[in-house]
Amino acid sequence: MKIFLFLFCILLSSLFSQSVKEVDAMLSFNHKANDLLLRFKEGTSAEIKEMIFQKLGAISVKEYELVTDLYLVTLPARSDLKSALIWAMDNEEVMYSEPNYVRNLFKEPNDTLYQDIWGLKKIKAPAAWDVSTQSSFIVGVIDSGITYNHEDLAANMWINTAEQNGTADNDDDGNGYEDDIYGYDFANGDGDPMDEPDGSEIQYHGTHVAGIIGALGNNNLGVVGVCWNVKLMALKSYQNGTGSVAHSIEALQYGIKKGAKIFNMSYGQNVFSKSESDAIEHANRKGVLCIAAAGNDSANNDVNPMYPASYSLPNLISVAASNENDQLADFSNFGANSVHLMAPGVGIFSTIGGGYEAKNGTSMAAPYVTGCSALLFHRFPELTPEQIRGKILRNVTKLPGGRQNTISNGQINIQQAINDVQEVKKNYGGGGGSGCTSSHCPNSTSWDFIPYLFLLLLFAWKRK
Ligand SMILES: [Ca+2]
Ligand SMILES: [Ca+2]
Ligand SMILES: [Ca+2]
Ligand SMILES: [Ca+2]
């Protein structure tokens, strides 16, 4: 009998050390010190939730509508986040719990800049513009904000008219955000999502992205976006180039409630977040498409997934960057099984505060695909996000040499995609191939106890 007890204890301790190991792995990634994201199992009562928040010592709790039963829990300064996570993960009522991971805007590699809009010609935008130059849809730019008064962007900004015609310091449309005329600043908690230089090396990231999607066309001024006319929503979630999963989820939720159909995500980190994945999955149910940059580490995302780009979700497109010679840009991440396609990302000329500038990065490649998606939704409004993705991937300009760097082995071709009226049947899969592949998957079932169980059975059998 003693041997049974002994083995049972080993089994228990292995299960426990597994949660400790999991939490240690989670906390090894950059995260907000006092936050945890927590999702309850369906049907958990308000009383039990309240009790759990109290036990955790929460000083504030934010509920998300986009993902049911998901909460951002903030603990007092210098709390023991590790113990809180272990306790939450081992709680019966909790589906999962994880840190509020930091996400970073992808930095610009220092390559030579060409002052040319070669990218638009490369993706065959001029020919696509014969079919349509505009999109009636709202595009959410989750980034460092947008210089919304820029001469080549102002007329294409989404406007919340209730707030524009409303009163200052008042939530005129009752959406929970005061004075959110052009979007919202989740990073600073104010109604002004202006993209301002903040002393960091990343300047006007969001304004540049916005111009690639939708700088005003045919106005004898500056540059032109993939869409000449569109509604750009400024969802400022980054300050000094950093933000968090919680802000990105809130930005997504805000945008969806205000009718945004497409979101550009030129940021990430190498850590899976179940909350973020759930948020994008729920966005799919609302017909929303997300486009994510693959990252600028010259890395293989099949081996080292980059999130959000690597979530395996039907409404997510992962984008690598190409240069003018149709090659993968030397800084660009890639993935024959996890990155969907390439788009121009070297020497891309677009809007910045006070003017125009060329930038490099997968951050610049993703908005080409975002702009094309806006054109395609306008032309085919009945299609699901997955069908739009299928249309884009079926119509890429194939590169020589077979599949190496991307699932489609190609570069976006909007001329072909916009003229393709056939139904898409093939499923293009993608993302990471599987959602959570690493050891830090929140609350993933651990099978480490199997050898112990085997030993236990063996001993029981021998004693007979
Ligand atoms: Ca408001
Ligand atoms: Ca107001
Ligand atoms: Ca602000
Ligand atoms: Ca222009």
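I start with one pair: valine 139 stands opposite isoleucine 262 in strand β9. Strands here are DSSP runs of E with at least two residues, helices are runs of H or I with at least four, and both are numbered from the N terminus.

Before going on, the source. This is a predicted model, in which local features need pLDDT of at least 70, side-chain atom pairs count only at pLDDT 80 or more, and totals for chains, interfaces and linings use all residues. Residues are numbered from 1 along each chain as its sequence is written, while chains are lettered from A and ligands numbered from 1 in the order in which they are written.

Overall, the protein has 13 helices and 17 strands. Of its 464 residues, 50% count as buried. Buried means 20 or more other C-beta atoms within 10 Å of the residue's own, exposed means 12 or fewer, partly exposed lies in between, and C-beta atoms are placed from the backbone.

Back to the sheet. Strand β5, residues 134-143, and β9, residues 260-265, run parallel and are joined by five bridges. β5 also pairs with β7, residues 229-236, in the parallel sense over seven bridges; pairing requires that DSSP finds at least two bridges. In β7, lysine 236 is the bridge partner of aspartate 143. Is β5 enclosed or open? Eight of its ten residues are buried, so the strand is largely enclosed by the rest of the structure.

Next, α7, residues 205-214. All ten of its ten residues are buried, so this helix too is largely enclosed by the rest of the structure. Which helix does α7 cross? Its axis comes within 8 Å of that of α10, residues 362-379, and the two cross at roughly 40°. Axes are lines fitted to C-alpha atoms, for helices over the stretch in contact, with angles from 0 to 180 degrees between N-to-C directions. On the α7 side the contact includes His205, His208 and Ile212, and on the α10 side it includes Met364, Tyr368 and Gly371. Contact means C-beta atoms, placed from the backbone, within 7 Å. By class there are seven nonpolar, six polar and no charged residues. Nonpolar covers Ala, Val, Leu, Ile, Met, Phe, Trp, Tyr, Cys and Pro, charged covers Asp, Glu, Lys and Arg, and the others, Gly among them, are polar.

Cysteine 227 sits in the loop between α7 and β7. It counts as buried because 30 C-beta neighbours lie inside 10 Å. Leaving out residues up to four places away in sequence, cysteine 227 touches Gln134, Ser135, Ile213, Gly214, Gly371, Ala374 and Leu375.

Most residues other than glycine have a negative phi, and most peptide bonds are trans. Tyrosine 204 has a positive phi, near 55°, and lies in the loop between β6 (183-185) and α7. Aspartate 326 has a positive phi near 60°; with 14 C-beta neighbours inside 10 Å, aspartate 326 counts as partly exposed. Where is the cis peptide bond? It joins tyrosine 307 and proline 308, with omega about 15°, and proline 308 is in the loop between β11 (289-293) and β12 (316-322).

Note on methods: Two residues are in contact if their C-beta atoms, placed from the backbone, lie within 7 Å.
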